[in-house]
Amino acid sequence: MDSSGRFVARHVATLPKSGIRDFFAIVSKMKDAVSLGIGEPDFVTPYHIREAAISSLEKGRTSYTDNRGTQQFREEISRYVAKNYGPEYDPETEILGTIGVSEALDILLRATLNPGDKVLYHEPCYVSYAPSVTLCHAEAIPIRTVSADQFALDPAALRAAWQPGCKLLVLNFPTNPTGGTADRAKLEAIAKFAIEKDLLVASDEIYSELTFEGDHVSIASLPGMRERTIFLHGFSKAFAMTGFRIGYACGPAAVIDGMLKVHQYGIMCAPIMSQEAAVEALRNGRDSMLHMRDKYRERRDFIVRRFNELGLKCHLPRGAFYAFPDITSTGMDSMTFAQKLLEQQKVAMVPGTAFGAAGAGFCRASFSTSYEKIHEAGERIARFLDTIPRR
Amino acid sequence: MNSVLKLILDGEALDTAQIGKILGLGAEAVDRELAALRKQGVLLGMRPVLNPSYESEHRVRAVIEIKIRTEGVGGFDGIAERISSFEQVESCYLMSGGYDLLVVVTADNLYKVAGFVHERLARIDGVQGTSTHFFLRAYKKDGFIVNAEGSRRDQPSVSP
């Protein structure tokens, strides 16, 4: 019998597993399932970007790089961020290449949190935020966002959630899983509050290129925010590069330096071939990115219309590639709905509660999949709904 | 671009009812749209793209480069139109470079292609020479990778 569990640290042992894992285990064994549960682009990385990685290997560029990433990589990031988001960062001291935004956020938390510090974040949100905070022996404090507000963060709710000991605010716009965004006015109010309470802000902008309504505004570009914001970004979503595991953090030098310490001992550096592919994406990837964005937008319009036709109220996500329909009219909770739908019609949607308590009553449906699959899922969901009494 | 056309060109296997649902049009409206596109000469037709390994059990395909002489025979168009009218001819293009027309033909077997070349093409007034190349194996066809098995087979079916 395996009794090695006694060696696992208390705060890890008590950490809940991602709700997505259980679901994945069921779906992966099921044949003919239509999955709307995939949180990544259904496009293959554009060819010219793949070719840059291949070329890097062919040239024998297989070494470590500077801990921060190659000079070229950081210079391109600096240019790209200044051009598209506003703030200018020094490639020498203010930019750090990472293994995706996941690592960037993790090392930011580890570099800045003391045990007992408090971290504000808006829910529903990406599955790793709260656990990553817990792993730092810090306390995660969720701020609920709601469908009526298209899941934007209400500055008043932020103020209400704040308590003494809060050090960091994690933002993610557009949001996985809700597609929520924050306009300039909301961000200005949030920024004002962050300054008032002297909060450090971690802004995960991984979906920013996939903004369908209005212009994306980075909180780092607002007055007084550059010096207290760590801008986190990567290549997985906009350039369909999930498997490359490449991202970056930009921010004031002292915090980036702290992150660099954690990064250099834990990771060393991001893979060189991924860095070279990323350089190509930054230089020449815009057309491919726009093409993919257009496709996502068309599919979004279809899936959202379909959910609403079926009587599952669904707001129009303003960014990212997830629809987040309200399933409360079925009388079921998110997990029951998702499980029954999977058992009876073999359609996989992720229960909203996997993204925090504020996701209760919703399910996430990725529209990063073919029309054929979205259409088929719609037919199956219609059949499923026919079998249950509706409120 | 026309939204119906755009969807068809994406290459997903969708019938008109599905297209109608996706675009919020209804199947009849899609059919009307397709009819209009045909009438305008934009859409010449729609055919399935078959895996050539299936196709080649029954057919052979070849490209033929044709050099032509235009004096006294009605110019390129006259000859190209004549060649295009043969049912063995799948496509016919006027080309720049070392030859004038590029013709793709399919037939039941190699001998029928050969027969087509020397009995039909070679007899057309203005055809000066031909060079025939048979297709051996297809790796990509009409935008589809042939035998693209499991290029994403390791992708998890649910991910965060």
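Predicted model: local features only at pLDDT ≥ 70, side-chain atom pairs only at ≥ 80, totals over all residues.
1. Overall form of chain A. The radius of gyration of chain A is 21 Å, which agrees with the value near 21 Å that a compact globule of 391 residues would have. The C-alpha trace spans about 60 × 55 × 55 Å along its principal axes. Of the 391 residues, 51% are buried. Taking contacts in chain A between residues at least 6 apart in sequence, 75% join residues at least 24 apart. The secondary structure consists of 13 helices and 12 strands.

2. Domains of chain A. The assignment gives domain 1 in two segments, 4-45 and 287-386, and domain 2 as 47-284. The centres of the two domains are 24 Å apart, taken over C-alpha atoms. Their contact takes 33 residues from domain 1 and 37 residues from domain 2. On the domain 1 side, α11(A) gives the most, with six residues. By class, that side has 17 nonpolar, nine polar and seven charged residues.

3. The seven-stranded sheet. Chain A has an open sheet of seven strands in the order β2-β8-β7-β6-β5-β3-β4, with mixed pairing. The edges are β2 (95-98) and β4 (139-144); each has a single partner strand, so one side of each is left without a neighbour in the sheet. Neighbouring strands of this sheet are turned by 20° against each other on average, direction ignored.

4. The β7-β8 pair. Within chain A, β7 (residues 229-234) and β8 (residues 247-250) pair in the antiparallel sense over four bridges. Which residue of β8(A) is the bridge partner of L232(A)? The partner is A249(A).

5. Helix α4 of chain A (residues 71-85) lies across β2, β7 and β8, and runs at about 110° to β2(A). Helix α5 of chain A (residues 100-112) lies across β2, β5 (166-172), β6 (200-204), β7 and β8. The angle of α5(A) to β7(A) is about 155°.

6. The three-stranded sheet. Another open sheet of chain A has three strands in the order β9-β12-β11, with antiparallel pairing. Its edge strands are β9 (322-323) and β11 (350-351), each of which pairs on one side only. The pairing of β11(A) with β12 (residues 363-366) of chain A is antiparallel and runs over two bridges. In that pair, V350(A) has R364(A) of β12(A) as its bridge partner.

7. Contact between the chains. In the contact, 22 residues of chain A meet 12 residues of chain B. On the chain A side, at least two residues come from each of α2 (19-29), α11 (286-309) and α13 (371-386). The largest share of this side, five residues, is supplied by α2(A). Its residues divide into 12 nonpolar, seven polar and three charged.

8. Domains of chain B. Chain B is divided into domain 1 (3-39) and domain 2 (52-137). The centres of these two domains are separated by 34 Å, taken over C-alpha atoms.

Note on methods: Residues numbered from 1 in each chain as written. Chains lettered and ligands numbered in written order. Domains from an automatic or database assignment. Contact = placed C-beta atoms within 7 Å. Nonpolar A, V, L, I, M, F, W, Y, C, P; charged D, E, K, R; others polar. Pairing = 2+ DSSP bridges. Axes fitted to C-alpha atoms, helices over the stretch in contact; angles between N-to-C directions. Rg over C-alpha atoms; globule rule 2.2 N^0.38 Å. Buried ≥ 20, exposed ≤ 12 C-beta atoms within 10 Å, placed from the backbone.
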